[in-house]
Amino acid sequence: MTNDSLVIPQLIVGLGNPEPKYDKTRHNIGFEVVDELARRVQISWSENRRFQALLAEGRSLTGDKLRLLKPLTYMNRSGQAIRAAIDWYKMPPESVLIVYDELDLPVGRLRLRLSGSAGGHNGMKSAIAHLGTQIFPRLRIGIGKSDPDKNTVGHVLGKFSPEESKIIAEVIPLAVDAIELSLKQGVEKAMSLYNSRIIDEPRPTS
């Protein structure tokens, strides 16, 4: 029997920008996480013009219906695609889990929350505006603060350093683990296990 208070996501949204020049940038970490989840459960992406997004549908490893979304509207208008999808599927906003980059978390940290503000993130500002609420789960992936000498836009649209990339290569599967646990046992359970996890340095590959 399921507990009514469990928050089990029905739609997993990764935030990013669609052009190849944005691949592997800090701002596109949300896309990378949902790509990894799609690979893990062996479902493929197709363009959904109604949503202005790429959509992947299938079953999670637990056999539950799984829908993944990558908006093609560019970051600042992400909420349009998310709204179109939840209206079509008749889902409440709290059934959407949004994955995105977070300047205020160091590289190697994840933070799951059931609600909260946009915290200056334009994709999340758009999502909150279109969903009409801040009460929906989100998974933030730390990308670290920019150097005082560098502007924030240059930082988020830049690529990870080689050292950071090694850490991110371990963070992405960890983020997918957290999402899979959210799908099985609810977001709060995943929060309790993954919010304290830190990847400080990559494991040796030997």
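How many residues apart in helix α1 are R39 and E36, and by about how many helical turns are they separated? Being 3 residues apart in helix α1 (residues 29-41), R39 and E36 are separated by about one helical turn. Their side chains meet in a salt bridge, with 2.9 Å from N to O; a salt bridge is defined here as a side-chain nitrogen of Lys or Arg within 4 Å of a carboxyl oxygen of Asp or Glu. R39 is exposed, with a relative accessible area of 55%. The classes of accessibility are buried (under 20% relative accessible area), exposed (over 50%) and partly exposed (in between), computed with a 1.4 Å probe on protein chains only.

The structure is a predicted model, in which local features need pLDDT of at least 70 and side-chain atom pairs count only at pLDDT 80 or more, whereas totals for chains, interfaces and linings use all residues. Residues are numbered from 1 along each chain as its sequence is written, and side-chain values use heavy atoms, with hydrogens and water left out. Helices (H or I, at least four residues) and strands (E, at least two) are DSSP runs, numbered from the N terminus.

The sheet is described next. It is open and is formed by 7 strands in the order β2-β3-β4-β1-β5-β7-β6, with mixed pairing. The edge strands, each pairing on one side only, are β2 (46-48) and β6 (110-113). From one strand to the next the twist averages 25°, where axes are lines fitted to C-alpha atoms (for helices over the stretch in contact) and angles run from 0 to 180 degrees between N-to-C directions. Two strands are taken to pair if DSSP finds at least two bridges between them. Strands of a sheet pair through backbone hydrogen bonds, either parallel or antiparallel.

Strand β1 (residues 11-14) is covered on both faces: L11 and V13 on one side are buried, as are I12 and G14 on the other. The pairing of β1 with strand β4 (residues 65-71) is parallel and extends over 3 bridges, with V13 opposite L69 of β4. The pairing of β1 with strand β5 (residues 96-102) is also parallel, over 4 bridges, and here G14 stands opposite V99.

Antiparallel pairing occurs between β2 and strand β3 (residues 53-59), which are joined by 3 bridges; N48 has A53 of β3 as its bridge partner. The hairpin of β2 and β3 has 4 residues between the strands, and Q52 in this hairpin takes a positive phi near 55°. Strand β3 also runs antiparallel to β4, to which 7 bridges join it, and A56 stands opposite L68 of β4. In the hairpin formed by β3 and β4, 5 residues lie between the strands, and G63 in the turn has a positive phi of about 90°. Strands β6 and β7 pair in the antiparallel sense over 4 bridges, with L139 of β7 as the bridge partner of L112.

Two further helices were examined. In helix α3 (residues 122-131) the buried residues are G123, M124, S126, A127, I128 and L131. The elements that cover them include α2 (78-89), β5 and β7, contact being heavy atoms within 4.5 Å. G132, which follows α3, has a positive phi near 70°. Helix α5 (residues 162-185) has 24 residues and reaches 35 Å from its first C-alpha to its last, close to the 34 Å expected at 1.5 Å a residue; the expected span is 1.5 Å times one less than the number of residues. Just after α5, G186 takes a positive phi of about 100°.

Side chains of opposite charge can pair when their charged atoms come close. The count of salt bridges comes to 11. One of them joins R40 and D177, whose closest N and O atoms are 2.6 Å apart. This pair links distant parts of the chain, with R40 in helix α1 and D177 in helix α5, 137 residues apart. R40 counts as partly exposed at 27% relative accessibility, and D177 counts as partly exposed at 28%. A network of salt bridges links R40, D177 and E180.

Another salt bridge is formed by the side chains of E102 and R140 (2.9 Å, N to O). E102 lies in strand β5 and R140 in strand β7 (residues 138-142), so the pair ties together parts that are 38 residues apart in sequence. Both E102 and R140 are buried.
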